[in-house]
Amino acid sequence: MSEILLVSILSGAILSGAPLLYATLSELVGERAGIINLGLEGIMLMGAVAGFATTVKTGNPALGVVAAALAGALFNMIFAFMVISRNANQLASGLALMFCGVGLSALIGAPFIGSRIEGLGATRVPLLTDIPFFGRSFFQYDILVYAAIPSAVVVWWFLFRTRWGLAIRAVGENPAAAYAAGKDPHLLQYQVLFISGLLGGMAGAHLSLALAHTWAEWMTAGRGFFAVALVIFAKWRPLRAIGGALLFGGAISLQLQMQARGIPVSSFILDMLPYVLSLTVLAIWGRARRSAVPGSLGRVFQGTE
């Protein structure tokens, strides 16, 4: 029984960790360019509702994923315009974007409440799926789960192995120096926030198309804020975010498994587990990771004005 429970928790950690990883990568690339976005929750919700609505209308979940990514990217351009072109406060603009996303997604999703879709089906991995006991639990997921870790590797490669990534990190550390070297910090930040929106939209798509197979208001349940904590936990490194996403996904999975098995612990305490873990990460790693924070995070560059 304990082995079955362990496998269930690990399998759930992978499923729950996939959207967290996409969301973390979304926040991470933005912060590497010096922009912190507290509106990630709203971006995920816009991706979730756009992906679900598209899938309901077309019957094609692949189109739903594309629509979700584009919806997240375009919605994030509102935030980009505010903080880059209009020099608005990043924290206030992010919170405004979040609440806007909550309300707008609820409005768009109202006609689809109660609808059900097949969504993204599980894809079997040949040979590995046939492994006794573990095969069906660890090698039978939807395509977004399989793409999550490769996405982290791609983000890492672009950030740390390309000239574009070097320019992005330079803007995040010292935009004035990047500008003096011939780079346009504003253009690079727009590019990064578009990519960030794509990843955030995909995170939302996984929730509605792969996990829930339906639409519900505020179905992200704070995952956008988990992602902010995960960026700190990962020390602003994409590959470190993989382990962090699995850890947080495991907390969510443990909570659900304990509730499903009727373990005599207050449901309120179980619901608190992922949030308590977020606070613990911030308390333990916040000061220790301070040296890894991009030097110009949260600051507005005005050198091209």
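Reader: Contact means heavy atoms within 4.5 Å; which residues does Arg237 touch?

Author: Leaving out residues up to four places away in sequence, Arg237 touches Leu28, Arg32 and Phe160. This is a predicted model, where local features need pLDDT of at least 70 and side-chain atom pairs count only at pLDDT 80 or more, while totals for chains, interfaces and linings use all residues. Residues are numbered from 1 along each chain as its sequence is written, and side-chain values use heavy atoms, with hydrogens and water left out.

Reader: Ok, where is Arg237?

Author: Arg237 sits in the loop between helix H10 (223–233) and helix H11 (238–260). Helices are DSSP runs of H or I, at least four residues, numbered from the N terminus.

Reader: New topic: which residues of H4 are buried?

Author: Among them are Gln90, Ser93, Gly94, Leu97 and Met98. The cover over the buried residues of H4 includes H2, helix H3 (61–85) and H10.

Reader: At what angle do H2 and H4 cross?

Author: The axes of H2 (residues 40–58) and H4 (residues 90–109) cross at roughly 15 degrees and come within 7 Å. That makes H2 roughly parallel to H4; angles under 35 degrees count as roughly parallel, over 145 as roughly antiparallel, 65 to 115 as roughly perpendicular and the rest as oblique. Axes are lines fitted to C-alpha atoms, for helices over the stretch in contact, with angles from 0 to 180 degrees between N-to-C directions.

Notes. Helix = DSSP H or I, 4+ residues; strand = E, 2+ residues; numbered from the N terminus. Contact = heavy atoms within 4.5 Å. Buried < 20%, exposed > 50% of the residue type's maximum accessible area, 1.4 Å probe, protein only.
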